[in-house]
Amino acid sequence: MKRNQDASQRRATLADIAARAGVATSTVSRILIGEKTLSIRPETRERVLELARELSYRPNTRARSLQARKSFSVGLVIPEIDNPVFGAIIRGAQRVALERGYSLLIAYADKDFPDQDLYARLVEDNQVDGLLVTTLQTAPAFDPGRWNIPYVLVNRDRGADDPKVMVDYQHGTQDAVRHLAGLGHRSIAYVSGPLEHYTGRTRLAGYKAGLAQAGLPFDPSLVVECDYGRAQAESAMAHLLNTRSPEQAIPTAVCAANVSVAAGILSVLARAGIAVPRQMSVLALLDTFVADMLTPPVTAVSYPFIDLGRAAAAYLLDMIEHGRQSAVVQALPRQAITLRGSCGPAPAR
């Protein structure tokens with residue numbers, strides 16, 4: 001009895017599938033790795049795949065790695081572990097990695113506790129086959145020239161000829177400004193992230209384009225910076241309100257770099273007795289589930305970050321499996337503006 005139990009719990013092998021399918025073990029292997037040059041009847045291919053599922057077959061990664069001289073793993077470097085955006089990117093990348101037989105190793109680039117050997121460990125110690133890089137500002141700096149390894153920048157731009165996949169922040173921000181202008185707002189402020197970063201520059205370009213499209217002038221005094229956190233957003237918004245001269249009207253709407261920034265803005269407006277949205281509208285340029293938890297819930301621009309993770313991982317694995325391709329920028333479209341309770345018509349003045 002024990003012997004039968006041990007057999008039933010034994011890990012299925014290529015030989016087990018081959019014996020039940022009536023084909024050679026090498027044929028099973030070629031079917032399971034998706035070899036396109038294999039000439040075989042469709043029903044045989046489907047039978048092998050069905051048996052692999054039925055037997056819960058998992059490839060022997062160590063043997064496969066030795067044979068292919070690959071680790072069948074890729075590294076994903078992220079700068080924040082509590083940001084829902086990076087969680088969505090991880091989910092998308094993980095799904096593609098699993099579908100194609102790879103493991104995904106997550107590396108946290110902590111700005112408060114820099115790990116100068118982070119990339120060395122991934123490439124030299126873990127021997128990943130490729131890298132997905134979502135941060136260029138957090139130490140250690142990513143240096144593609146140091147590592148002879150495929151990589152894809154995820155929503156980042158070094159201003160170089162890199163393979164990268166992006167979401168369209170510029171047009172998303174332009175849409176946000178156009179939405180507010182359509183509600184009658186003529187004075188629209190912007191609490192930005194750091195403008196020396198790619199994201200900050202791209203959104204500022206979209207903000208200016210949205211103003212121009214609505215026939216509104218760009219006023220530099222309506223743009224303030226913060227570090228994407230709530231505390232700095234409060235300071236930035238308070239500074240914007242407190243430095244308006246008698247000749248300068250208080251804006252009737254404000255674009256926030258993300259939902260955390262929007263939370264800081266709402267806090268300042270509440271203390272100042274400015275009602276949202278009756279006296280001022282607030283629109284976040286990057287949506288997360290937290291937007292629904294604020295008072296009022298914050299209208300925000302939504303982006304397909306799970307799709308971003310999927311596209312970046314697929315691009316990287318294609319490079320690993322088919323050789324380095326010429327650098328291509330893949331731009332994913334923005335999704336929509338999710339309407340909630342923080343935006344309304346401009347107040348009469």
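User: What makes β8 and strand β9 (residues 281-284) partners in this predicted model?

Analyst: Two strands pair if there are at least two bridges between them. Here 4 bridges join β8 to β9, and the two strands run parallel.

User: How do you know that the length of helix α10 (residues 230-242) agrees with expectation?

Analyst: At 1.5 Å a residue, the 13 residues of α10 should span 18 Å. The end C-alpha atoms of α10 are 18 Å apart, which agrees.

User: Which residues of α10 are called buried, and what do they pack against?

Analyst: Buried means under 20% relative accessible area. The residues of α10 in this class are A233, E234, A236, M237, L240 and L241. They pack against β6 (188-192), β7 (223-225), β8 (253-256) and α11 (259-271).

User: Why is the largest nonpolar core said to lie between domain 2 and domain 3?

Analyst: The core has 78 residues, of which L132, V191, Y207, M237, I265 and F305 touch the most other members. Helix α12 (residues 305-322) gives the most to this core, with 10 residues. Domain 2 (70-166 + 305-332) and domain 3 (169-303) both give residues to the core, so it lies between them.

Definitions and conventions. Residues numbered from 1 in each chain as written. Predicted model: local features only at pLDDT ≥ 70, side-chain atom pairs only at ≥ 80, totals over all residues. Heavy atoms only, no water. Expected span 1.5 Å × (residues − 1). Buried < 20%, exposed > 50% of the residue type's maximum accessible area, 1.4 Å probe, protein only. Contact = heavy atoms within 4.5 Å. Core = buried A, V, L, I, M, F, W, Y, C linked by side-chain atoms within 4.5 Å. Domains from an automatic or database assignment.
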